[in-house]
Amino acid sequence: MDESADRSRQSTLARWSLGLGICSIFVPFLLSLLAIILGHMGSRRARKQGQKPRRAGLVIGYSTLAMWVGSLFIPVYGMVTPKSLAIKSLAHGRQIYLVLRNYAEDHNGQLPESLDDLIDRNFRAESLALLQSHPHVDGDTFNYVARENLNDLPPKTPILVSQPVWKGTKKIVIYADGSSEMLEIDEP
């Protein structure tokens, strides 16, 4: 009689686990945890009795818990991606600045007329071509705004200004002294 009562308890736990697992699709966190706990208790009892455990409730409970936890990170990923693209664009702007600075050092401080001049004169053309090869990503294409002698420019004179980055509200500015920052766009 004791063995049939244990079987009944194991079967009841498995049924509750399955039912809570199915309900956890609609109320994910709490019911998923209950389905998992009851499923493990029922499986342990089944193994003690030498029976095959019923794990459907466990599978559904773990699945809905994983989906719930994953859904929490999707909005966070959406916030991280624009910021990482802005950081990548900032790194590209700094690399372009270094190419411009090297050019200026070789030409008595004079900056080229355009970024295309660097490619036309074959001055580190591979580097610049690689940097400008991703125009589909916000901020990866920079406007070249200073064409004077680099040695004569005040340190905070903008040399490169990016397309809008960080959700279209900021631009990256690279200055004559090599410093950089992200500034709010004043345009509507």
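Two strands are said to pair if DSSP finds at least two bridges between them. Strands themselves (E, at least two residues) and helices (H or I, at least four) are DSSP runs, numbered from the N terminus. With these terms, β3 and β4 form a hairpin with four residues between them, and G178 in its turn has a positive phi of about 95 degrees.

The structure described here is a predicted model, in which local features need pLDDT of at least 70, side-chain atom pairs count only at pLDDT 80 or more, and totals for chains, interfaces and linings use all residues. Residues are numbered from 1 along each chain as its sequence is written, and side-chain values use heavy atoms, with hydrogens and water left out.

## Overall architecture

The protein chain contains five helices and four strands. Read from the N terminus, the order of elements is α-α-α-α-α-β-β-β-β. Of its 188 residues, 36% count as buried; buried means under 20% relative accessible area, exposed means over 50%, and partly exposed lies in between (1.4 Å probe, protein chains only). A contact means heavy atoms within 4.5 Å. Among contacts between residues at least 6 apart in sequence, 49% join residues at least 24 apart. The chain exposes about 11500 Å², of which carbon and sulfur atoms supply 60%. Accessible areas come from the Shrake-Rupley method with a 1.4 Å probe, and for residues only the protein chains shown count as cover.

## The helical part

Helix α2 spans residues 28-48 and includes I36. I36 is buried, at a relative accessible area of 8%. Leaving aside residues up to four places away in sequence, I36 touches L58, G61, Y62 and L65. One of these pairs, I36 and L65, is separated by 29 residues in sequence and by 9.3 Å in space, C-alpha to C-alpha.

A nonpolar patch on the surface is formed by L18, I22, I25, F26 and V27, with about 490 Å² of accessible area together. Such patches consist of residues with over 30% relative accessible area and no salt bridge; like charges are joined within 9 Å, and nonpolar side chains (Val, Leu, Ile, Met, Phe, Trp, Tyr) within 5 Å. V27 belongs to the loop between α1 (2-23) and α2 and is partly exposed, at 46% relative accessibility.

Further along, N108 is found in the loop between α3 (56-106) and α4 (115-120). N108 is exposed, with a relative accessible area of 68%. Most residues other than glycine have a negative phi. N108, although not a glycine, has a positive phi of about 55 degrees.

## The sheet

Four strands form an open sheet in the order β1-β2-β3-β4, with antiparallel pairing. The edges are taken by β1 (142-144) and β4; each has a single partner strand, so one side of each is left without a neighbour in the sheet. The twist averages 30 degrees from one strand to the next. For such angles, axes are lines fitted to C-alpha atoms, for helices over the stretch in contact, and values run from 0 to 180 degrees between N-to-C directions.

Strand β2 (residues 158-162) pairs with β3 (residues 170-175) over three bridges in the antiparallel sense. V161 has V173 of β3 as its bridge partner. Strand β3 also pairs with β4 (residues 180-184), again antiparallel, over five bridges. In β4, V173 has E181 as its bridge partner, and K170 has E184.

## Salt bridges

Side chains of opposite charge can pair when their charged atoms come close. The structure holds two salt bridges, each defined as a side-chain nitrogen of Lys or Arg within 4 Å of a carboxyl oxygen of Asp or Glu.

| Salt bridge | N to O distance |
|---|---|
| K156 and D177 | 4.0 Å |
| K170 and E184 | 3.8 Å |

The side chains of K156 and D177 meet in a salt bridge. This pair links distant parts of the chain, 21 residues apart: K156 is in the loop between β1 and β2, and D177 in the loop between β3 and β4. K156 is exposed, at 54% relative accessibility, while D177 is partly exposed, at 40%.

E184 forms a salt bridge with K170. E184 lies in β4 and K170 in β3, so the pair ties together parts that are 14 residues apart in sequence. E184 counts as exposed, at 52% relative accessibility, and K170 as partly exposed, at 23%.
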